Amino acid sequence: MKKIEAVIKPFKLDDVREALSEIGITGMTVTEVKGFGRQKGHTELYRGAEYVVDFLPKVKLEIVVAADRVDASIEAITSAARTGKIGDGKIFVSSVERAVRIRTGEQDNEAL
């Protein structure tokens with residue numbers, strides 16, 4: 001099993017959710033986060049005063065999938081989240097040793 005964490009632009013969340021749903025991925029955890037990468041924030045104007053926004057709003061979604069579904073999941077996320085502009089986000093993949101569904105006690109792939 002693999003855990004996929006994707007940090008994307010907030011307005012792309014619905015597109016990514018739909019793309020994952022189309023390939024059969026239905027469960028996910030979504031967290032509103034702030035951060036920056038190469039874009040290093042930006043400058044905004046508020047009531048005539050200029051200020052720097054260091055951390056930009058992003059959305060982090062987490063899914064756990066069977067190892068054979070990783071490539072399809074990554075493709076769905078990248079195609080749905082891509083705008084072609086800086087700040088589109090990142091995807092991280094890590095191993096999951098064990099998963100347990102609390103309600104039924106099912107474990108590993110059956111718990112997904």
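**Strands, helices and core of a predicted model**

Colleague: What makes E5 count as mostly covered?

Modeller: In this predicted model, 7 of the 10 residues of E5 are buried, where buried means under 20% relative accessible area, exposed over 50% and partly exposed in between, with a 1.4 Å probe and protein chains only. Residues are numbered from 1 along each chain as its sequence is written, and side-chain values use heavy atoms, with hydrogens and water left out. Local features need pLDDT of at least 70 and side-chain atom pairs count only at pLDDT 80 or more, whereas totals for chains, interfaces and linings use all residues.

Colleague: Why does methionine 1 count as buried?

Modeller: Methionine 1, in the segment before E1, has a relative accessibility of 18%, so it falls in the buried class. Over the 112 residues of the protein, 30% are buried.

Colleague: How do you know which strands belong to the open sheet, and in what order do they stand?

Modeller: Two strands pair if DSSP finds at least two bridges between them, and the strands themselves are DSSP runs of E with at least two residues, helices being runs of H or I with at least four, both numbered from the N terminus. On that basis 4 strands form the open sheet, ordered E2-E5-E1-E6 with antiparallel pairing. E2 (29–35) and E6 (89–95) each have a single partner strand and stand at the edges, so one side of each lacks a neighbour in the sheet. On average, neighbouring strands here are turned by 20° against each other, direction ignored.

Colleague: Which strands do the helices lie across, and at what angles do they run?

Modeller: Angles run from 0 to 180 degrees between the N-to-C directions of axes, which are lines fitted to C-alpha atoms, for helices over the stretch in contact, and contact means heavy atoms within 4.5 Å. H1 (residues 13–22) lies across E1, E2 and E5 (56–65), at about 10° to E5, while H2 (residues 70–81) lies across E1, E5 and E6, at about 5° to E1.

Colleague: What makes a group of residues the largest nonpolar core, and which of them touch the most other members?

Modeller: A nonpolar core is a set of buried Ala, Val, Leu, Ile, Met, Phe, Trp, Tyr and Cys residues joined through side-chain atoms within 4.5 Å. The largest such set has 17 residues, of which Ile8, Val16, Leu20, Leu61, Ile63 and Ile77 touch the most other members. Two or more residues each come from E1, H1, E5 and H2, and H2 gives the largest share, 5 residues. Valine 16, apart from its neighbours within four places in sequence, is in contact with Ile8, Leu61, Ile77, Ala80 and Ala81.

Colleague: How does the radius of gyration of the protein stand against that of a compact globule?

Modeller: The radius, taken over C-alpha atoms, is set against a globule rule of 2.2 Å times the number of residues to the power 0.38. The rule puts a compact globule of 112 residues near 13 Å, but the protein has 17 Å, and its C-alpha trace spans about 60 × 25 × 20 Å along the principal axes.
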